[in-house]
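Please look over the sequence and the structure, then read the points below.

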Amino acid sequence: MKLFEKLIKRSQRELKFLHKREIYPLDSFRIKNFYAIQILSIIENHAKDRKIKIEARKNLIINCVTATEVYFKDIVKVLPEFPKVKENKEGIRDLLKEKISLWEAYLLFKEKDLRIGDVIASYFSFQSLEEIDRIIGKILNLKFLDSIENHKVNLDKEDREYYGMKTLCLKTDLPKWRNYLAEIFNLRHDFVHHVSFKDIIGFQRLGILWEHLDAFITVVDDFILQYVPAE
């Protein structure tokens, strides 16, 4: 149960300070997973039927991907409003042209108080690395996953204890991160769209997948901060 203790401790830090500030995308991601981990912890400790434990583990995978998608939707809603991002009109325009017609755009902005980011978040999904790379890359005019992979994060005290390092770089510290994240998205798709009670996912494997996903979001969040205007 050390894995759960480690994850719960991390999430409790977010809950402790949540009432003192507004909910940020990173908070939503970790809190959503915190509750899913709590549920799994109870089942792992008390359920006798192994099949029930497997279903709970599958549920955690589904929640992880849901939390990831919500995180990116929340980011996309505000990202095009930042001055550094507004300059990239071509990439944002290309995304809008993929999904809505001029007439639909007219109706949306005429009848509703929407930002460009609200429209993008509504029309696109973030349930694969390829889509995340393409959509965020278009908005920021860069190869997003390549940039994330090489970005180095200076971790705070709590994150240093969690990861066991002072800095975090996916390329050097977690070189297989793309494989693990692709596995998470693929598992989520299978668990949601193909009901099977013969699926098996081990507890240790689940921990490895979760930690790579959390590291990915941690790096992404730090990378995005460079576009946020200083108050």
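Is L206 buried or exposed? L206 is buried, because its relative accessible area is 4%, where buried means under 20% relative accessible area, exposed over 50% and partly exposed in between, with a 1.4 Å probe and protein chains only. The model is predicted: local features need pLDDT of at least 70, side-chain atom pairs count only at pLDDT 80 or more, and totals for chains, interfaces and linings use all residues. Residues are numbered from 1 along each chain as its sequence is written, and side-chain values use heavy atoms, with hydrogens and water left out.

**The chain as a whole**

- The protein chain has 13 helices and 2 strands; these are DSSP runs numbered from the N terminus, with helices being H or I of at least four residues and strands E of at least two.
- Of the 231 residues in the protein chain, 47% are buried.
- The accessible surface of the chain comes to about 13,200 Å², and carbon and sulfur atoms contribute 53% of that; the areas come from the Shrake-Rupley method with a 1.4 Å probe, and for residues only the protein chains shown count as cover.
- Among contacts in the chain with a separation of 6 or more, 71% are between residues 24 or more positions apart, a contact being heavy atoms within 4.5 Å.

**Helices α2 and α13**

- The axes of α2 (residues 25–46) and α13 come within 12 Å and cross at roughly 170°; axes are lines fitted to C-alpha atoms, for helices over the stretch in contact, and angles run from 0 to 180 degrees between N-to-C directions.
- The two helices, α2 and α13, are therefore roughly antiparallel to each other, since angles over 145 degrees count as roughly antiparallel, under 35 as roughly parallel, 65 to 115 as roughly perpendicular and the rest as oblique.
- Residues of α2 that meet α13 include L26, F29, N33 and L40, while those on the α13 side include F203, L206, W210 and L213.
- L206 lies in α13 and, leaving aside neighbours within four places in sequence, is in contact with L40, R57, L60, I61 and I201.
- Between L206 and I184 there are 22 residues of sequence separation and 9.2 Å of space, C-alpha to C-alpha.
- H212 is also found in α13 (residues 203–224), and H212 counts as buried because its relative accessibility is 10%.
- Beyond residues up to four places away in sequence, H212 touches L174, W177, Y180 and L181.

**Helix α3 and the cysteines**

- N63 lies in α3 (residues 50–78) and is buried, with a relative accessible area of 13%.
- Not counting residues up to four places away in sequence, N63 touches K32, N33 and A36.
- C64 counts as buried at 3% relative accessibility, and C169 does so at 9%.
- A search of the whole structure finds 0 disulfides, a disulfide being a pair of cysteine sulfur atoms within 2.5 Å.

- Helix α8 (residues 129–140) has 12 residues and reaches 16 Å from its first C-alpha to its last, close to the 16 Å expected at 1.5 Å a residue; the expected span is 1.5 Å times one less than the number of residues.
- Buried residues in α8 include L129, I132, I135 and I136.
- Just after α8, N141 takes a positive phi of about 60°.
- N88 lies in the loop between α4 (83–86) and α5 (89–99) and counts as buried at 13% relative accessibility.
- N88 and N141 are 53 residues apart along the chain, with their C-alpha atoms separated by 6.6 Å.
- Not counting residues up to four places away in sequence, N88 touches K138, I139, L140 and N141.
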